[in-house]
Amino acid sequence: MLRVFRNRPKFATVKVNKEQPKKGLPDNLWKRCDQCASMIYNKELAKTLNVCSECGYHFRISAKERLGLMVDEGSFEPFVPLVSKNPLNFPGYEAKIEKAREETGLDDAIIIGTAKINGFSTVIGIIDFSFMGGSMGSVVGEQLTRGFEYAIEHQLPVVTFSGGGGGARMHEGIFSLMQMAKTSQARGKHHRAGLLYISVLTHPTMGGIYASFASLGDIIIAEPGALIGFAGPRIVEETTRQKLPTGFQTAEFALENGMLDLIVNRSEMKDYIGRLLTYHARDEVV
Amino acid sequence: MSSSFEWEKPLIELEERIKELKDFIVEQNIDFSAELGELERKADELRKSIYERLTPWQRVLMARHPKRPTTLDYIKMLFDDFIELKGDRTYRDDKAIVGGIGIFNGEPVTVVGHQKGRDTKENIARNFGLPHPEGYRKALRLMKQAEKFGRPIITLIDVVGAYPGIEAEQRGQGLVIAECIEQMSFLRVPILCVITGEGGSGGALAIGVGDRVLMLEHAWYSVISPEMCANILWKDSSRASESASLLKLTPTDLMKFKMIDDVVTEPLGGAHRDHEVTAAQLRASMKRHLAILKKIPIEQLVEQRLERYRQIGHFQEKIITETLSNINNFNDIDSELDCEVDEANE
């Protein structure tokens, strides 16, 4: 008789109806921090410029949001928009581009033009991760090249945010690879003209973008926690079969190893860049 | 790794039969020349039918053949003298890149190239020809030295891609590759690049910016290796044979795209079958192109080099596609109508 009770669990099981959505946390109101997992109210996140107030984690932001944070209001003048073709006839490439264009409202993975930062005229280029991983194909390469050329012609500094450098756009094969040469050379001419280039590496700056123009800044800045490197961490781990060091390929790791000038918080970025522009100013009066 | 490929098997068998027959003729002293001639004619036909229809993936495998000439093999065959110069003067000597001064066609030139190993032991020492940052830095040091002394630069490229290693990342291979690309572009000496085997991504381009780019017949050149491409596309690197076709990485494709200037013919069956003949073909092409480059005034040469890369890219101004997207919008309206019709039918 007692045996009957012995196997009885001390708790009651409640069946969960899986169909029913979780109450209380609608997707559009809260966001979970990728780093510390704390829940942040979206309105709070907007105030902190998409930085977690608990741990300082910098959420990825779109190129448009970045532009809004960086340039003086109403000063941005975009370059002539370009769209990609399909040089290798890579199956599905056009559809992918079309989808990315619809989803992001961008023509390709870059926003570029002239703008004022704290009153200084600059060429500003911002890569957007949400457009095919922020990879560099013919359009990104050409726009950056035009950016440096425009800057040479008008004796301007260049500021780029290479966040979202997914690296190469393999659908463009060799054409994508050659954008590394093209952009590096454009920067090379800009450098030889004695002009300032501030390269800001945001999360993630990898592959062909890191191994070309983004590495050729007079000053290289990163956002905290940004992934920076050439080969992706997963590939490094698979190839070497070694445990990766803590913080491998983060901005802090790059700074420690001497690959960066400084790490700057998002909230202070405009101030820092503004000051750097001041110290390199030529004839322009603030 | 076996030194012959699956698709070569029938040919290898036939070649063995010919060899046996020849031995037999010598031993027995009987005249089988008619039969021998017939077999050799068959072998020739087979060779042509096999090697003239190689798929892109088969070419990639040819480029990786363990007996294919390496940079040091080419250096021995192409130059009358060669003095190897080592080290990046900062960290260490990277054996995955070799360089030095060679005598080509009676004149000193600077040579740098990726160096794969012949066997496992050498491959470990040379890290399978995958350079660390100090390797690229050595290459750059030697190229700048060439500029100082007005020597033409010859680069021999054979690398599957950049090295995905912890230390290579720690020491900033991205930065140094960028620096190589940028500096090479402005060097005031003629630069002749030869893709001898594999031309994989940034690792290849780091010593691949030049006035002329030559490519061996069974070499490949792209932004990514077929395996990595297949891994990204289908999460399955065993489908590399498919991605190899998509990447358009053969010399024929690259000539069409105007990415390279000359294809150096290899002996039928690949460079590994006859190193000397391959080197002779390459030497002839190098001689021809270097002679042209040396006649161009240096200002003009650098300008042309920059212009060559400036022109690369396939894009169009958006205005043209505005009409396209309008057409797409019409399609959207059509499909919306279809939906409504479907709903009405239901």
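Here are a few friendly notes on this predicted model.

1. A word on conventions: residues are numbered from 1 along each chain as its sequence is written, and chains are lettered from A in the order in which they are written. In this predicted model local features need pLDDT of at least 70, and totals for chains use all residues, while side-chain values use heavy atoms, without hydrogens and water.

2. Chain B comes to 15 helices and nine strands (DSSP runs: helices H or I, at least four residues; strands E, at least two; numbered from the N terminus). Its C-alpha atoms fill a box of roughly 90 × 60 × 45 Å along the principal axes. Of the 346 residues in chain B, 53% are buried (under 20% relative accessible area; exposed is over 50%, partly exposed in between; 1.4 Å probe, protein chains only).

3. Do look at helix α5 of chain A, residues 138-153: its 16 residues reach 22 Å from first C-alpha to last, close to the 22 Å expected at 1.5 Å a residue (1.5 Å times one less than the number of residues). Its buried residues include Val139(A), Leu144(A) and Phe148(A). Just after α5(A), Gln155(A) takes a positive phi of about 55°.

4. Trp30(A) lies in strand β1 of chain A, residues 30-32, and is partly exposed, with a relative accessible area of 31%.

5. Asp23(B) sits in helix α1 of chain B, residues 9-28. The relative accessible area of Asp23(B) is 39%, so this residue counts as partly exposed.

Technical notes: This is a predicted model: local features need pLDDT of at least 70, side-chain atom pairs count only at pLDDT 80 or more; totals for chains, interfaces and linings use all residues.
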